[in-house]
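Take a moment to look at the fold before reading on. Then follow the text through them.

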Amino acid sequence: MRILAAMSGGVDSAVAAARAVEAGHDVVGVHLALSRAGGTLRTGSRGCCTIEDAMDARRAADRLGIPFYVWDFSERFRDDVIDEFVAEYRAGRTPNPCMRCNERIKFAALLERALELGFDAVCTGHYAALVDGPEGRELHRASDAAKDQSYVLGVLTAAQLAHTYFPLGATPSKALVRAEAAERGLSVAQKPDSHDICFIPDGDTRGWLAERVGAASGDIVDRSGAVLGTHEGAHAYTVGQRRGLQLGVPAPDGKPRFVLEVRPVSNTVVVGPKEALATARISGERFTWAGRAPERDEFACDVQIRAHADPVPAVAVIADGVVTVTPQAPFDGVAPGQTAVLYDGTRVLGQFTIDRTVSAVPVA
């Protein structure tokens with residue numbers, strides 16, 4: 001096959017490209033320039049897609065003896081990922097930019113261009129497995145549960161999975177990937193993994209959002225509406241947050257309070273006890289299926305609401321263009337804007353963006 005290897009400059013994508021070459025594919029490496037800030041450099045394990053990363057990707061491609069290019073996707077990334085990230089926070093929601101990047105950049109914009117240029121598939125260093133079943137290709141969890149990235153790939157559709165290649169899916173551990181990189185002479189063998197939000201390399205999400213959303217003071221209230229304190233910008237808070245509330249009035253029971261809801265219209269943050277974070281039901285209208293759609297409108301599944309959360313047994317119902325999920329045990333602290341990924345064992349069924357939540361604890 002003709003393979004376009006997306007090379008981020010990290011060890012995973014470098015080893016994935018190396019395995020594609022070793023498997024006999026015709027491989028071309030490409031690094032995505034997602035920022036036009038030419039002086040952007042990496043800070044330890046923070047940030048990605050920087051000048052330093054592009055140079056690391058080029059060195060890896062040279063070591064593998066494959067052609068290498070840098071493609072400027074910065075405008076598309078700004079429009080489809082960064083601008084939506086800001087808009088979602090402005091609306092009081094909690095977005096996942098990695099999901100949107102996979103959905104709209106790596107496996108949409110990049111894959112579209114790859115197919116136009118005659119490539120058969122896009123190769124990445126994601127930890128996930130692809131299985132060709134009787135009804136088409138399926139997306140499954142990786143062998144290494146600690147590194148499994150099937151959650152952030154839950155946005156991929158059947159058409160996209162048909163042109164995707166994940167060489168690391170069956171690798172038992174990240175340590176083996178690093179050891180393989182060292183054996184292959186790849187200089188990124190011990191490069192730290194990137195984390196946090198790639199376009200906020202200093203990790204100060206609150207400050208970054210304040211510059212774009214604008215800080216405006218408002219009230220912090222309890223579930224009855226009583227004012228407990230003030231904040232300098234509702235965008236700085238998300239459901240489940242405990243730190244940074246700085247309330248002058250202690251709770252009657254002396255227990256900590258947590259953010260239960262962010263109301264952007266009134267610029268209000270609602271807080272309450274931890275048990276009030278229990279969520280009995282979630283639903284959303286924006287959903288996709290990773291392969292064939294479920295055969296029934298009501299089915300049992302496991303649901304994961306964060307990248308590193310444990311899956312929760314649940315029942316999903318599809319009705320009137322809405323997916324509604326009821327877990328066997330309540331979820332803990334769910335915010336609108338998060339993504340719920342549905343599983344059948346190790347197989348990813350699909351995903352939806354959470355629009356509405358129903359608390360398991362009624363207001364007293």
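This is a predicted model: local features need pLDDT of at least 70, side-chain atom pairs count only at pLDDT 80 or more; totals for chains, interfaces and linings use all residues.

Residues are numbered from 1 along each chain as its sequence is written, and side-chain values use heavy atoms, with hydrogens and water left out.

Start with the helices. Helices (H or I, at least four residues) and strands (E, at least two) are DSSP runs, numbered from the N terminus. Two packed helices are described by the angle between their axes and the distance between the axes. Axes here are lines fitted to C-alpha atoms, for helices over the stretch in contact, and angles run from 0 to 180 degrees between N-to-C directions. Angles under 35 degrees count as roughly parallel, over 145 as roughly antiparallel, 65 to 115 as roughly perpendicular and the rest as oblique.

Look at α3 (residues 74-90) and α4 (residues 97-116). Their axes come within 10 Å and cross at roughly 165 degrees. The two helices, α3 and α4, are therefore roughly antiparallel. Which residues of α3 and α4 make the contact? From α3 come R76, F77, D80, V81, E84 and F85. From α4 come P97, R100, C101, R104, I105, A108, A109 and E112. Contact means heavy atoms within 4.5 Å. By class, this contact of α3 with α4 has eight nonpolar, no polar and six charged residues. Ala, Val, Leu, Ile, Met, Phe, Trp, Tyr, Cys and Pro count as nonpolar, Asp, Glu, Lys and Arg as charged, and the others, Gly among them, as polar.

Helix α3 also packs on α7 (residues 205-213). Here the angle is about 90 degrees, and the axes are 11 Å apart. That makes α3 roughly perpendicular to α7. I82, F85, V86, Y89 and R90 of α3 meet T205, W208, L209, R212 and V213 of α7. The contact of α3 with α7 has seven nonpolar, one polar and two charged residues.

Now find α1 (residues 11-22) and α6 (residues 174-183). Their axes come within 10 Å and cross at roughly 65 degrees. So α1 and α6 are roughly perpendicular to each other. On the α1 side are V11, D12, V15 and R19; they meet K174, V177, R178, E180 and A181 in α6. Four residues of this contact of α1 with α6 are nonpolar, none are polar and five are charged.

Next, the loops. P264 sits in the loop between β10 (258-263) and β11 (268-272). P264 and R90 are 174 residues apart along the chain, yet their C-alpha atoms are separated by 6.9 Å. Neighbours within four places in sequence aside, P264 is in contact with R90, A91 and G92.

G321 lies in the loop between β15 (312-319) and β16 (322-327). G321 and R286 are 35 residues apart in sequence and 8.6 Å apart in space, C-alpha to C-alpha. With neighbours within four places in sequence left aside, G321 is in contact with G284, E285 and F287.

P264 is partly exposed, at 34%. G321 is partly exposed too, at 40%.

Finish with the cysteines. A disulfide is a pair of cysteine sulfur atoms within 2.5 Å. By this rule the count is zero disulfides. For C101, the nearest cysteine sulfur is that of C198, 6.3 Å away. C101 is buried, with a relative accessible area of 8%. C301 is buried as well, at 7%.

Note on methods:
Buried means under 20% relative accessible area, exposed over 50%, partly exposed in between (1.4 Å probe, protein chains only).
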